[in-house]
Amino acid sequence: MPRFSALVSLWCAILLITSILRSKYYRNRIYHRINLGCGLNIILLCVLKLWGSAAEPTNNNIWARGTIATCSISGFLHHIAIFIIPQYYCALSLLSYAAFRNKIRLSNFCRIEKWIHIGVYVFPLAAATYLLTLRAFNPTIHGCSLASIPVGCGDETTTDEELLPCDRGPNNISQLQWLFWGLPSLLFFSIPTVVLFLLCVEVKKNKGTTTKHIALHIASSLYETTCYIFAKKGLVFYAHHVVTICGCCTMLFFGKAAYWCCLLGLVEGTNIPLGIVLGGPFRTTSFKNTLLYKINGIVLWIMYVILRGPVIFALYFLQQDINEHGDTTAYLIKGNDRVNLIWNGYMWLVGLFLWGLSIVWFTQITNGMLKALGFKKSKTSKKVE
């Protein structure tokens, strides 16, 4: 599945880069030049994903064809690329907000463009170099990343409360994972979410539309749906994306209620702390037993309350918007009351379905957080007793 996702991303990145390089108009725009820099690093990341477990030492798995040296190189480059890309996203979101907020063209920011391209490399390169000196890039499930071997060594939980020394890599691996994976991920993915929320507010004030943002959300949902096929997700995940895509498509193609689509789309911000738990090198260690994992769980719970809980109220205010402004703001087709009534009912069904799913997932997150904090015993601990 990671290799399939890498192939799709690689193809899209190549199309992006060739489109920019072939167009003089695009090459003269700061927005597209920043996307060009981001696209080059996406290609690097995709190549590393395709290399994957083949970079690991030959005795590690059946696909391994490398050595400790190739694994270190792969992990080093992977750590650089995976943090450069979200920094480019941060730069684009900040520039978009500044340009829209101050009513100036993005071309006026050209004097700081070179510092953006230089700045995005500072932290990833420095962090990767430091971790390389600690021999911290080692085999994981799908390739080489920030980890120590054997899994569970060092400051991880071991039997008889004794520390198992690491054969390769630092003994304080969970601390390093949080400092060089967890905190940067929270920062670099939180900034675009917050900035786009502020941009959404500004769009509402200026009564603008955000069709490109809605189209991007639809495209990302379609991409995630294809990944679900290979991840063998349950039917509810497909239903979740189908109703979301259908709802966003009506707003995109009819050009109405764009503000509400963007506002409701902010619920995806909960994926930031969720991704830290389910993704990266944390799945290969006993990270769940650390204080940092518990803090991340609390952050996830709070973000669910803030971003997903109020969805039902957003539907109420959407209905108020329709009642007050009619087809000038939220309705789809001017003068077609029947179509508008059907759309209105469909949006309520979509909203209530998604809100219900969020409540179900919120219950699971709450139970997991209580177990992590020790307020609720897990099934395994009950069996031991």
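These are legends for a set of close-up views of one predicted model.

In this predicted model, local features need pLDDT of at least 70 and side-chain atom pairs count only at pLDDT 80 or more, while totals for chains, interfaces and linings use all residues. Residues are numbered from 1 along each chain as its sequence is written, and side-chain values use heavy atoms, with hydrogens and water left out.

View 1. Helices (H or I, at least four residues) and strands (E, at least two) are DSSP runs, numbered from the N terminus. Of the 385 residues, 43% are buried; that means under 20% relative accessible area, with exposed over 50% and partly exposed in between (1.4 Å probe, protein chains only). Take the contacts (heavy atoms within 4.5 Å) with a separation of 6 or more: 69% of them come from residues 24 or more positions apart.

**View 2. The largest nonpolar core, 36 residues in all.** A nonpolar core here is a set of buried Ala, Val, Leu, Ile, Met, Phe, Trp, Tyr and Cys residues joined through side-chain atoms within 4.5 Å. I34, Y88, I116, L131 and L146 have the most contacts inside this one. At least two residues each come from α1 (2–22), α3 (30–51), α4 (68–102), α5 (113–133) and α6 (173–206), and α4 gives the most, with 13. Zoom in on I34 and you'll find it touching Y88, L92, L95, I116 and H117, leaving aside residues up to four places away in sequence. Another core, of 18 residues, lies apart from this one and includes M251, C261, L318 and I322.

**View 3. The largest cavity, with a volume of about 300 Å³.** Searching the whole structure turns up one cavity of 30 Å³ or more. On a 1 Å grid over the protein atoms alone, a cavity is a set of points where a 1.4 Å probe fits but cannot get out, and lining residues have an atom within 4 Å of a point. Grid points are joined across faces, edges and corners, and the volume is the space filled by probe spheres set on the points. There are 21 lining residues, and T244, L264, V267, V350 and L354 are the closest to the centre. The lining takes at least two residues from each of α8 (235–254), α9 (258–265), α12 (311–325) and α13 (337–373). By type, the lining splits into 12 nonpolar, seven polar and two charged residues; Ala, Val, Leu, Ile, Met, Phe, Trp, Tyr, Cys and Pro count as nonpolar, Asp, Glu, Lys and Arg as charged, and the others, Gly among them, as polar.

**View 4. Helix α13, end to end.** Its 37 residues reach 53 Å from first C-alpha to last, close to the 54 Å expected at 1.5 Å a residue, where the expected span is 1.5 Å times one less than the number of residues. Buried residues in α13 include W343, M347, V350, L357 and W361. Just past the helix, G374 has a positive phi of about 90 degrees.

View 5. Most residues other than glycine have a negative phi, and most peptide bonds are trans.

Conventions: On a 1 Å grid over the protein atoms alone, a cavity is a set of points where a 1.4 Å probe fits but cannot get out, and a pocket is an open set with protein on both sides within 12 Å along at least five of seven lines; lining residues have an atom within 4 Å of a point.
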